[in-house]
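Hi,

Here's the structure I promised to pass on.

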Amino acid sequence: MLVVRPAGPADLDHLLELAILSGPGFTSLPEDPDQLAERLDLSRDSFAGRMDPVERWYTLMLEETDTGDIDGIGSVKASVGLKRPFFSFRIVNNTAQSPSLGLKLDHQTLVLVNECTGWTEVGSLFLKADRRKGGAGRLLSQSRYMLIGAEPELFNDMVLAELRGVFTPDGACPFWDHVAHKFFPMEFDQADYMTGSTDKQFILDLAPRHPIYVELLPEPARAVIGKVHPQGVPAMALLESEGFRPNGLIDIFDAGPTVSCGRDNIRTVRDARPYTVAVAEEVEAELPALISTASVGGFRAVRQKAAIDGDVAALSRETADALKVRPGDTVRVKS
C-alpha cells in the first residue's frame, strides 16, 4: 500500500536519491547532503511542534509499505519571505500611446518584487519515473492539502506553488542563459544553491533595479517566460484541479510560473470532512477515497476505500494500520 508519511533524519539516503533524480532547477531539492540533512531535521521538529508555526517546513515521503521503497516527496512550507526575501519577477503590462499618430502599443516588462511574504508554499513535488502513473502523484499532491486542512490555523490564508521553468534536454536554461546570467555572473547551479542556503542578499545586490522590457529579449528567452518544464506539466494540472491559477509572478532564474489559491478555496481543503473511525472486515465502497489523520503531528495519508455511514468511516484493518489509527479516532476523508 502507498502511504504518505512525515520525513525525518532516517530518510537522508532516500532524499538524496530523489534530489539527484530531480535534475537541475529543482531549488528545493539540492544535491547537497548537508542541506538535505538540515531539512530533514527541520521536518522532524515541524511535525513534533517544536518550533514556531510560521518557521515550520513539513516534508512528506511517499512510501510503499510492502517494500519500504520511497518513491516520492512533497512538502508544505508554513510561510515564505519572513526571514529571507521571496523574490520573483512580476509580469507587468504597460500601455504607450500617441494620439497624434493614432498608435497604441502594449509592452510587457519584468519587475523584481517581493510580494508573497508570509504565504504558505506547497512544493517539492517529485516522483520517481515509474510512479508517475496510477494515481501516486495525485495522492502525494493532495496529501499536502490534507495536511493543511488538518489544522488550517497553522498556515497562511494564501497558498502558492512555484513550478520549474523550461530546460532543454541537455540541461540548458534559456531564460538563465539569455537574461538572469547577465545579472548573476555564475553558473546556474551555484545561484540555485545560494538561493536555498543563504539569506539571498546576493539577489538584492545584483538583480536589476529597473524593469526589463520583454520585447528586447532574445526569442528563446521570451518563449519560455511563464512556461512549465515538461516534467512539471502533470504537477501544473494537479494544481489547477485544486483551484490554483497563475498570479503573474515568475521565477527570477528560470522564468517558471507561480500559481496561488486561497487556503480555504483549495478543493481538497474545502471538501474533506472529519469522521470517526470504525474497523471492518470488509469495506463496501465503490471507489477509493483520500483518507488522512486529523492532526499535523504524526500525519499520514492513503487512498483506500472507506464506507461512510453518518459520522462514521469504516476502514479495513490494513488501512487503519497504515494510518496508525484505532476505532474511535478521527480521520478526514475526501471522496
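The side chains of S316 and T319 are joined by a polar contact of 3.0 Å. Keep in mind that this is a predicted model, so treat the distance as a computed value.

Leaving aside residues up to four places away in sequence, S316 touches V279, A280 and V283.

β11 pairs with β15 in the parallel sense, over 5 bridges. Within β15, V312 is the residue that stands opposite T276.

What does β11 do with β16? Strand β11 (residues 273–280) and strand β16 (residues 330–334) run antiparallel and are joined by 4 bridges.

Helix α1 (residues 12–22) and helix α2 (residues 33–47) have axes that come within 10 Å and cross at roughly 125 degrees, which means α1 is oblique to α2. The crossing of α1 and α2 is right-handed.

Which residues make the contact? On the α1 side you'll find L12, L15, L16 and A19, and α2 brings P33, L36, A37 and L40. By type, the residues of this α1 and α2 contact come out as 8 nonpolar, with no polar and no charged ones.

Cheers

Methods: Residues are numbered from 1 along each chain as its sequence is written. This is a predicted model: local features need pLDDT of at least 70, side-chain atom pairs count only at pLDDT 80 or more; totals for chains, interfaces and linings use all residues. Side-chain values use heavy atoms; hydrogens and water are left out. Axes are lines fitted to C-alpha atoms, for helices over the stretch in contact, and angles run from 0 to 180 degrees between N-to-C directions. Helices (H or I, at least four residues) and strands (E, at least two) are DSSP runs, numbered from the N terminus. Angles under 35 degrees count as roughly parallel, over 145 as roughly antiparallel, 65 to 115 as roughly perpendicular and the rest as oblique. A crossing is left-handed if the near helix is turned anticlockwise from the far one by less than a right angle, and right-handed if clockwise. Contact means heavy atoms within 4.5 Å. Ala, Val, Leu, Ile, Met, Phe, Trp, Tyr, Cys and Pro count as nonpolar, Asp, Glu, Lys and Arg as charged, and the others, Gly among them, as polar. A polar contact is a pair of N or O atoms within 3.5 Å; within protein, one must be able to donate a hydrogen and the other to accept it, and residues adjacent in sequence count only if both atoms are side-chain atoms. Two strands pair if DSSP finds at least two bridges between them.
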